[in-house]
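Visitor: I am new to this model. Could you show me how to read its sheet and its helices?
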Amino acid sequence: MLEICLEDPALVTVDAVRAAATEAGTEISVCGAFGPDRDVSHEDPDVRRAAGEYLRTCVDIAAAVGSENVSGPMYSATGKTRLLSDDERARQWGWAVEGLSAAGDYAAERGVGLAIEPLNRYETDLVNTNEQAVRLCRDIGRDNVGLLIDTFHMNIEEKDIGAAIREAGGFVRNLHACENDRGTPGSGHVEWDAVAAALSDIDYDGLVVIESFTPEIKEIARAVSLWRPVAPSSDALAGDGIRFLERLLRS
Amino acid sequence: MDRFRYSYDALVYYGEDISASIDRVARLGYDAIELVGEPAEQDAKAIRRQVDDAGIAVSSICSVYTAERDLAHPDEQVRRRALDYVKAVADFAAEVGCPTIIAAPTACMKLKPLADREQERQWAVEGLRAAGEYAAERDVNLTLECWNRYETYWLNRLDQGVELWNEVGLERGGVMGDTFHMNIEEDSIAEAIRRTGPLLNHVHIADSNRAAPGTGHTDFAPVVQALADIDYAGYVTFELLPPSADPFGVMAAGGHEAFFDRYTEQAISTMRHVEADVLGARA
């Protein structure tokens, strides 16, 4: 399976993606990129509307390429880290619930789910932990809206990664399996045995996606603050990573 | 007796009168306090008297490298201001009897170079060398700090710190690690400490979530073992901060109550237990 990021949906030709995936014998999963102009919890209703439109486009593409979910930190603009009063925060939360409820309904009609991703403190101020994300899902209250959990972010924010995965439980729809430095899974200090045990406890049977980045693609490298190569090459990271994860999760 | 000497960084006591901070740290059993480096606003003589009276030392100075204090800035004025700042911190350290000041080649939260990388490196090396020589004359050492990827594009790992430090080529001083940053950047915190070896002259301890040890998932036993293995003789200093991209904003709004008595107490008691477990009780 290949996860593709819909940074600019206009560049994605659904038929070409589907044909290439069929030829390669792989499936496709899609995730969104949520910049400042696609912010579902923004004060400005026009920005919220643009976020809703973008989410519907992502859902359409997901349905067309057979992706089970649209994944990503869709509750806010990535990189938005502000200090808010409780009232302001509650209002932002309300907009997120409202926008993602509507997107969830649109997705449900097309047989697609939403997988909401908590990010660490440096990338968002709204949803940093699985507990917060579960609360968001409960407020949204749609069966097809759940979580994407990412071990890189959990390593920074969660007290206990295994417990956090169990807490997310049946809400988990997608998993990013990343090393603590976003290098090859297995090369750092994430406690993978605890991750595997927790996934087994919650009977997780969804995707396991390796997400990393390369400093060679400047725009994304800046957004995720990746300044040095964390693996010899993207191929090495993908190859060594899947060998490690298969051993871990199939044993 | 403890194997290590313990210190707590007053950075998170933001907004508090320094004498109250000194009293708290002494009362909770610390050997020393780490002070924030804002020498223009600090009364060194009074602080010296207060730490002496409290029976503790000043372990280190936590310098504050803002965009205006950037040793690698293309503007020569900014570079000079940065150097003047490090010198003022060194003077302040000498006055309060503190052996170590934290140094960085560039500003914290600067996420892209403003000039050619090689040129920035040269400026930083020159600035750090001049600052280090000035500090050495006052019996004060620099320690070069590495921060995680969200706080700098430059020194993220201890190996990178060691490489830059060797280029600076000072006779005294070294490199420091912070376990919060290392949890994000290093393959193994303990191995990074061992590789740095005798060049490690300061350390910041915080759990994976930057709160007191015991509140996150970092396993401190291998960290303590690694420090013992390299015969680490510096202070074990806790630098704890609230969970935000802007911890200072959180503190200004008063959202850091737990970091006063509660985490100050929890940090040292947790690490003393780890120390006793790993290294055994010492007479």
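Guide: Gladly! In chain A, seven strands make an open sheet with parallel pairing, in the order E1-E2-E3-E4-E5-E6-E7. Helices (H or I, at least four residues) and strands (E, at least two) are DSSP runs numbered from the N terminus, and two strands pair if DSSP finds at least two bridges between them. This is a predicted model, where local features need pLDDT of at least 70 and side-chain atom pairs pLDDT 80 or more, while totals for chains, interfaces and linings use all residues. Residues are numbered from 1 along each chain as written, with chains lettered from A and ligands numbered from 1 in the order written.

Visitor: Which strands of chain A stand at the edges?

Guide: Strands E1 (2-6) and E7 (207-209) of chain A do; each has a single partner strand, so one side of each lacks a neighbour in the sheet. From one strand to the next, the twist averages 30°. Further in, E2 (residues 28-32) and E3 (residues 69-72) of chain A pair in the parallel sense over two bridges, and A:Val30 stands opposite A:Val70 in E3(A).

Visitor: At what angle do H5 and H7 of chain B pack?

Guide: Angles run from 0 to 180 degrees between N-to-C directions, using axes fitted to C-alpha atoms, for helices over the stretch in contact (C-beta atoms, placed from the backbone, within 7 Å). Helix H5 (residues 158-168) and helix H7 (residues 189-196) of chain B pack at about 15°, with axes 9 Å apart. Angles under 35 degrees count as roughly parallel, and H5(B) and H7(B) are therefore roughly parallel to each other. Their contact involves B:Leu158, B:Asp159 and B:Val162 of H5(B) with B:Ala192, B:Arg195 and B:Thr196 of H7(B).

Conventions:
Parallel < 35°, antiparallel > 145°, perpendicular 65-115°, else oblique. Contact = placed C-beta atoms within 7 Å.
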